[in-house]
Amino acid sequence: MEGILDYILSLGSTVFVPIVLFIIGLIFGLGFFKSVKSGITVGVGFIGFNLAVGLISSFLSPAVNLIVERFGFNLTVIDLGSGAGAGVAFSTVVGALIIPSVFVLNVLLLAVGATKTMNIDIFNYSHYAFTGAVVHLVTGNLILGMGAALVQATWSLLSADYTAKRVQKELGVESISIPQGYAASSVPLFVILDKIYSKIPFLHNSNLDIKGLQKKVGFMGDPVIIGGILGIILSLLAGYGFKDGANLVMGVCGIMVLFPRMIKIIVEGLMPLSEAAKGFFAKHFSGKEVYIGLDSAVTLGHPTTMIIGTILIPITLILAAILPGNKVLPLADLAFAAFFICMASIIHKGNILKTLISGVINMTGILYIATWISPYFTKLAEEGGVSESGDKVTALWAGNVFDFIIANIGFLGYLGLAILIIMTCFITIFVKRNALKE
């Protein structure tokens, strides 16, 4: 099982996702060559996307490290990042069982009509595995650990169903949804905040998206210009000279330009599958909808996400320093802040002001949850050989509200699992009745 898991994960999204999409294309009757082209096009988009992500690692991460060093943040728990977090999750017993278990669960939920999403984003099953591993660690019961993991997988599918129409509208692609472990967990907060904003005249009447910003300030509202300004600010905070500063400015501008272009390639590959899916379900299932569940990476082409994600880098460092009770030093995951607020851009329909406020509130919650979960993360990381004994570690990636809720209830044992199952039933009914419209 471990060997199979390692092999599947080693394929990476650039190979595994195109293979899955090719198979889906054949099932939907797209045809062999069109299915091949669609899968490969998406794979090429992911190659480009990974190159763009590399810009974050190359340009933003060193700047973040220097900012932390310059300002001497006195925080005791180190953020190891999402890569280490996924490694910790998949190195556990729950992690070894998670892929086949979630796949079977997903098929069953589709069959009974409890969800419309088929989650092919297997690389982010690590979120479910991590929650299950924490419950297993505390209770010593593998059944409870697997139960907690599968509950979170179900909640993510329901969250994806709830936001599917809004995602499709904002991204311009039909028949997709976002069940990715962190993005799905952030939806309840952003939906609640959006409803609160609708009661506040100043925010309710705000239409400050990218187009609105450009109308107000002209070329200064262009994402490239904004990227340049943000690059200069980060350069000053990092204490860069002209050479390193200029490179950082160009790197941030490159992120603003390349992410949307790469996402357009992924969307181009998904469009034929989307049309084939509609035709297939209209013919064989009386028009029943099924969504292809994708990584939240496909949302990063939204300019609001990248702009606010970059602004949140220095803001999160300030929050970490001033929030009472926070012990986490944001580090490895900080440069990827855009992933933490990508669903805010979707739910707030690209509104810059609402997304910024929601982003600050969300990052505050992330720091506190990452602090709370750090003892469990540290223990699992030591057992998995990810960190050395004595180090206190966590990841912003683990600052997931679904993790927090499910783990705390899961600690109650079989009573907690029963409560989680009952909650899941009520959530399913709510989503069926109240899914966000376009």
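Me: How far apart are the closest N and O atoms in the salt bridge of Lys116 with Glu289?

Reply: A note on the source comes before the answer. This is a predicted model, in which local features need pLDDT of at least 70 and side-chain atom pairs count only at pLDDT 80 or more, while totals for chains, interfaces and linings use all residues. Residues are numbered from 1 along each chain as its sequence is written, and side-chain values use heavy atoms, with hydrogens and water left out. A salt bridge is a side-chain nitrogen of Lys or Arg within 4 Å of a carboxyl oxygen of Asp or Glu. In the bridge between Lys116 and Glu289, the closest N and O atoms are 3.4 Å apart.

Me: Which parts of the chain does this pair tie together?

Reply: Helices (H or I, at least four residues) and strands (E, at least two) are DSSP runs, numbered from the N terminus. Lys116 lies in the loop between α5 (93–111) and β2 (117–119), and Glu289 in the loop between α12 (242–284) and β4 (291–293), so the pair ties together parts that are 173 residues apart in sequence.

Me: How many salt bridges does a search of the whole structure find?

Reply: The search finds two. Besides the pair already described, Lys165 forms a salt bridge with Glu289, with the closest N and O atoms 2.5 Å apart. Here Lys165 belongs to helix α7 and Glu289 to the loop between α12 and β4, 124 residues apart.

Me: Are Lys116, Glu289 and Lys165 buried or exposed, or in between?

Reply: Buried means under 20% relative accessible area, exposed over 50%, and partly exposed in between (1.4 Å probe, protein chains only). Lys116 is partly exposed at 29%, Glu289 is partly exposed at 28%, and Lys165 is partly exposed at 23%.

Me: Which residues does Lys116 touch?

Reply: Contact means heavy atoms within 4.5 Å. Not counting residues up to four places away in sequence, Lys116 touches Leu110, Asp161, Glu289, Val290 and Tyr291. The C-alpha atoms of Lys116 and Asp161 are separated by 6.3 Å, although these residues are 45 residues apart along the chain.

Me: At what angle do helix α7 and helix α17 pack?

Reply: Axes are lines fitted to C-alpha atoms, for helices over the stretch in contact, and angles run from 0 to 180 degrees between N-to-C directions. Helix α7 (residues 142–171) and helix α17 (residues 414–434) pack at about 10 degrees, with their axes 10 Å apart.
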